[in-house]
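These are my notebook entries on one protein model. I record what I looked up, entry by entry.

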Amino acid sequence: MASRKNFVRNKEKRPQEIIDSAIKLFIKKGFESTTFADIAKDCNIARSTIYLYFSDKHDLLEKAIIARISENRAGFLEGSIDKGNSKQEFIQNVLEKVIAAVDHKKDDPFYVFLTFTACKNKRISEILKKHVLDSIFDTWEIICKDVNFTDDEKRMYIYLIFSLHFTSQVMNVIYKDNSPFIQLSDLVKISREQMNKDSHIKNGT
């Protein structure tokens, strides 16, 4: 009976084990150079077992991307974002959180791998774009739910954040600590300081 339970438990964990092994090998050998045989050997399973869960390498990588995006989205939504006293202040709060999230990923080997691979592989680029875009739009709907945006404002800001996310991710991977994107963080802080000064002047303090 115990062996049966262990079999079921191992079967439930197997897809994630395969994904973890694939990511490790993709990072080490590259997407094109990694085969299902390599992944099977690393997992100590038969190659045919992988086909029970994934149709091909692109399907495997897509599921890995979806899982990682879900993790990051959950992390991004942890804790509430301060709505601020104005739309501008709310957007600044969102941008600061995006900056922190993207900056945290610049040393993540999986994101470095994805960034460079997507530049060379159109299919992976489309997979990445689709799922990241869907996640950003869904997340945006959640965090701006109680903010009084017009439809045009919602569209304008989400495309701004979407462009910022992709551009900054690529720049951070390429430039690391010398990324020009770091300057945006400084601009947001300067803008916030100016807003505070203006508020004090307006209130006569």
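**Entries on a predicted model**

I worked from a predicted model, and I began with residue N93, which I found in helix α5, residues 87-105. Next I looked for what the side chain of N93 reaches. I found the backbone oxygen of D82, at 2.7 Å from the side chain of N93.

I turned to the protein as a whole and looked up its secondary structure. I noted 9 helices and 0 strands. Along the sequence, the pattern reads α-α-α-α-α-α-α-α-α. The protein has 205 residues, of which buried residues make up 37%. I also looked up contacts between residues at least 6 apart in sequence; 67% of these join residues at least 24 apart.

My last entry concerns a pair of helices, α4 (residues 57-77) and α6 (residues 109-120). Their axes come within 12 Å and cross at roughly 125°. An angle between 115 and 145 degrees is neither roughly perpendicular nor roughly antiparallel, so α4 is oblique to α6. The crossing in which α4 passes α6 is left-handed. Which residues make the contact? From α4, I listed L61, A64, I65, R68 and N72. From α6, I listed F110, Y111, F113 and L114.

How values were computed
Residues are numbered from 1 along each chain as its sequence is written. This is a predicted model: local features need pLDDT of at least 70, side-chain atom pairs count only at pLDDT 80 or more; totals for chains, interfaces and linings use all residues. Side-chain values use heavy atoms; hydrogens and water are left out. Axes are lines fitted to C-alpha atoms, for helices over the stretch in contact, and angles run from 0 to 180 degrees between N-to-C directions. Helices (H or I, at least four residues) and strands (E, at least two) are DSSP runs, numbered from the N terminus. Angles under 35 degrees count as roughly parallel, over 145 as roughly antiparallel, 65 to 115 as roughly perpendicular and the rest as oblique. A crossing is left-handed if the near helix is turned anticlockwise from the far one by less than a right angle, and right-handed if clockwise. Contact means heavy atoms within 4.5 Å. A polar contact is a pair of N or O atoms within 3.5 Å; within protein, one must be able to donate a hydrogen and the other to accept it, and residues adjacent in sequence count only if both atoms are side-chain atoms. Buried means under 20% relative accessible area, exposed over 50%, partly exposed in between (1.4 Å probe, protein chains only).
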